[in-house]
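Student: I have a model open and would like to go through it with you. Could we start with the backbone and then move on to packing?

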Amino acid sequence: MRIERLLRLPGLAVFSLLVGAAVAQAADDALVTKGKYLARAGDCIACHTSPGGALFAGGRPMATPFGTIYTSNITPDRKTGIGSWTADQFYGTMHSGRFPDGGLIYPAMPFGSYTKVTREDCDAIFAYLRSVPPVNQPNRPHDLRFPFNNRQLILGWRTLFFQEGEYQPNPTKSDEWNRGAYLVEGLGHCAMCHSPINALGGSSESQAFEGGLIPMQNWYAPSLTSNKEAGLGEWSIEEIVDLLRTGVSQRGAVYGPMAEVTFDSVQYLNDADVRAMAIYLKSLGEGSPPGTEDSGIPAPESSLLMNFGQTVYATHCASCHAADGRGMPPDYPPLARNPSIQMQSAVNPIRMVLNGGFPPGTEGNPMPYGMPPFAQTLSDDEVAAVVTYIRAAWGNRGSPVSSRQANELRTAPLD
Amino acid sequence: MVKRKHAVGSVQKVMRRGNPSRALLWGAGRQRFAIVLAILMLCPTAVPYAQPTERAPDTMEARLLACAACHGRQGEGTKNDYFPRLAGKPAGYLMNQLVAFRDGRRRYPPMNYLLEYLPDAYLQKMADYFAALRPPPLPQAVAEVSAAVLARGRSLASEGDQAHGVPACSGCHGPKLTGMEPAIPGLVGLHASYISAQLGAFRYGTRTAAEPDCMQLVAASLTEADVTALAAWLASLPIPPDPSPVPKGTLPMPLACGSEPN
């Protein structure tokens with residue numbers, strides 16, 4: 001008996017060690033899974049992976065008004081990635097916008113948003129990044145013009161535009177609203193595009209989500225606080241969820257940079273989180289008056305431009321978007337009362353007419369319907385007329401577009 | 001003489017929008033808002049929401065109208081010199097091109113932009129769709145080169161130029177130049193400008209394929225005069241009654257090709 005027991009003991013020890021290891025492994029796996037999900041919410045992949053390149057190996061060129069920034073390798077490669085970093089250092093980088101050696105990070109990295117992410121979530125993302133295959137790919141030096149190649153300038157930028165601190169829940173709002181705000185303001189870094197960017201490349205907190213032209217890309221990121229633009233106060237929660245998650249909805253579809261956000265990020269988020277984001281986003285637009293300003297464009301009968309636009313529309317657009325502009329949603333988006341057609345900036349509708357586009361192919365909408373490009377078919381005058389027409393017909397209230405505006409966007413970069 | 005890759009000179013402008021004054025936009029009082037709302041409700045041109053509308057046809061044709069503008073509704077091509085016919089090309093070839101455009105291995109900004117956020121499964125469906133179409137050919141363009149140039153093109157296409165390491169087109173693209181499954185395209189039914197632009201793109205590296213990139217080698221061994229002759233000759237060929245590519249492995253290829261592993 002005694003001997004048997006003695007013999008059994010080491011076995012037991014090995015067994016409990018194995019169990020312990022298995023439990024630890026399961027906990028690690030759970031952390032990595034959570035981190036992978038949160039990395040999706042933060043859309044790390046969009047910038048830190050080159051098209052067709054290795055996952056998170058960086059090297060993607062990001063054109064900015066100050067020169068080109070090349071994104072960094074965040075794989076766990078010890079030499080060229082972040083393999084030698086600790087969880088403390090990773091959190092410090094996300095939270096403070098400084099490298100572990102104290103060096104300042106260019107604000108192309110949205111640390112102004114990521115500072116709102118909790119320590120716990122940062123740790124999970126770090127655990128996930130540690131789990132991906134290491135890739136030996138040295139970071140490419142940025143190609144910034146003088147004086148922007150001097151990182152010390154970032155100190156000034158930080159003083160003006162950076163406020164460090166994790167997200168503080170608003171106790172007067174629901175848990176769902178707070179979860180949505182945390183995702184939109186934090187990992188989602190929506191303010192990077194949806195806030196006006198000033199000449200210093202900064203956006204101030206007081207103007208958050210008021211919309212702006214995305215520098216270099218020439219897409220307009222509409223205001224999320226005004227119902228005259230993409231304010232979602234008048235949309236149902238279901239419509240917002242559909243748009244964010246599948247890329248299409250009864251009200252409109254996403255193209256360009258927002259298609260990337262849906263494709264790489266939001267489509268992977270769970271129902272509860274997308275719904276929470278929708279609730280928060282809807283609240284941003286609530287209380288804003290609907291778009292009611294007169295466009296100043298006379299009725300079709302009295303305006304040569306509108307008449308011409310109507311003719312172009314009937315020939316090229318009406319077969320999908322319908323003569324009354326209602327489209328065939330969610331496949332062919334409606335144009336009547338679609339706020340993205342009527343926004344103060346006409347950049348997006350002009351670009352769509354010139355270049356066409358597909359909404360992203362997502363799990364919820366795996367085979368999207370594409371809009372044809374018309375750059376090779378329509379003249380500048382025709383583009384201007386048809387965009388003016390859709391901005392003012394059917395009760396829409398956008399301002400007229402000139403053929404010069406149409407011409408300028410022919411040379412806008414497509415990548 | 002191999003010229004270096006042309007830099008694509010996209011004009012990049014920095015445009016900044018002045019920030020509209022919030023007060024100006026939002027300053028309307030509640031009273032004015034109510035009036036405006038009343039006007040809106042009376043406005044006969046405003047289209048109300050929640051009216052069910054017709055869905056688009058659940059077909060690839062309806063989904064791919066974006067392609068039709070340049071490639072024709074049935075992938076038959078258009079009169080435009082630079083846009084190719086797609087119909088009947090092997091699905092593997094079309095898929096390789098769709099992925100190469102999406103991932104930037106083949107550079108053409110309008111295509112790179114359109115395909116950027118589309119998943120493989122959908123691209124495969126597009127490739128299968130166009131590969132299966134057999135629309136009638138477009139009217140044949142008349143060659144604008146001399147008989148001697150056409151003869152040179154014919155000789156290059158059917159025999160190659162052994163002295164300069166140029167294999168015959170027909171060695172891989174099939175005796176009728178209708179391609180070979182799964183990934184070698186047909187060369188008939190294309191515009192001369194398109195063919196010469198592609199040979200240039202292979203040579204200058206704006207169009208690349210899986211290694212070994214056989215067409216890059218072939219294009220690099222052609223002279224400018226060869227390209228002109230080949231493009232003119234190929235564009236002058238009528239599409240045969242059966243434009244289907246020959247089956248996989250029909251031809252012993254003279255070159256190793258990453259896109260068409262033997």
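Student: Is A:Trp394 buried or exposed?
Tutor: In this predicted model, A:Trp394 is buried, because 20 other C-beta atoms lie within 10 Å, and 20 or more is what counts as buried.

Student: And what about its phi, and where does the residue sit in chain A?
Tutor: A:Trp394 has a positive phi of about 55° although it is not a glycine, and its place is the loop of chain A between helix H16 (380–392) and helix H17 (403–410).

Student: Which other non-glycine residue has a positive phi, of about 70°?
Tutor: That is A:Ala322, with a positive phi of about 70°, and it lies in the loop between helix H13 (318–321) and helix H14 (339–342) of chain A. A:Ala322 counts as partly exposed, because it has 18 C-beta neighbours inside 10 Å.

Student: Okay, cis peptides next. Which residues does the cis bond in chain B join?
Tutor: It joins B:Glu181 and B:Pro182, with omega about 0°, and B:Pro182 is found in the loop between helix H9 (170–173) and helix H10 (192–204) of chain B. In chain A, the peptide bond from A:Phe146 to A:Pro147 is cis, with omega near 0°, and A:Pro147 belongs to the loop between strand E3 (143–144) and helix H6 (153–161).

Student: Switching to packing, at what angle do H7 and H11 of chain A meet?
Tutor: Helix H7 (residues 175–187) and helix H11 (residues 271–285) of chain A pack at an angle of about 90°, with their axes 7 Å apart, which means that H7(A) is roughly perpendicular to H11(A). Among the residues making the contact are A:Trp177 and A:Leu183 of H7(A), and A:Met277 and A:Tyr280 of H11(A). By class, this contact has nine nonpolar, two polar and three charged residues.

Student: How many residues are in the largest nonpolar core?
Tutor: The largest nonpolar core has 150 residues, and those with the most contacts inside it are A:Ile350, A:Val386 and B:Leu234. This core draws at least three residues from each of domain 1 (20–164) and domain 2 (300–410) of chain A, and the C-alpha centres of those two domains lie 38 Å apart.

Student: What does B:Leu234 touch, beyond its neighbours within four places in sequence?
Tutor: Its contacts include B:Gly153, B:Ala157, B:Leu177 and B:Ile195.

Student: Last one: how many helices and strands does chain B have?
Tutor: Chain B has twelve helices and zero strands, and of its 262 residues, 35% count as buried.

Technical notes. Residues are numbered from 1 along each chain as its sequence is written. Chains are lettered from A and ligands numbered from 1 in the order in which they are written. This is a predicted model: local features need pLDDT of at least 70, side-chain atom pairs count only at pLDDT 80 or more; totals for chains, interfaces and linings use all residues. Helices (H or I, at least four residues) and strands (E, at least two) are DSSP runs, numbered from the N terminus. A residue is buried if 20 or more other C-beta atoms lie within 10 Å of its own, exposed if 12 or fewer, and partly exposed in between; C-beta atoms are placed from the backbone. Axes are lines fitted to C-alpha atoms, for helices over the stretch in contact, and angles run from 0 to 180 degrees between N-to-C directions. Angles under 35 degrees count as roughly parallel, over 145 as roughly antiparallel, 65 to 115 as roughly perpendicular and the rest as oblique. Two residues are in contact if their C-beta atoms, placed from the backbone, lie within 7 Å. Ala, Val, Leu, Ile, Met, Phe, Trp, Tyr, Cys and Pro count as nonpolar, Asp, Glu, Lys and Arg as charged, and the others, Gly among them, as polar. A nonpolar core is a set of buried Ala, Val, Leu, Ile, Met, Phe, Trp, Tyr and Cys residues joined through C-beta atoms within 7 Å. Domain bounds come from an automatic or database domain assignment.
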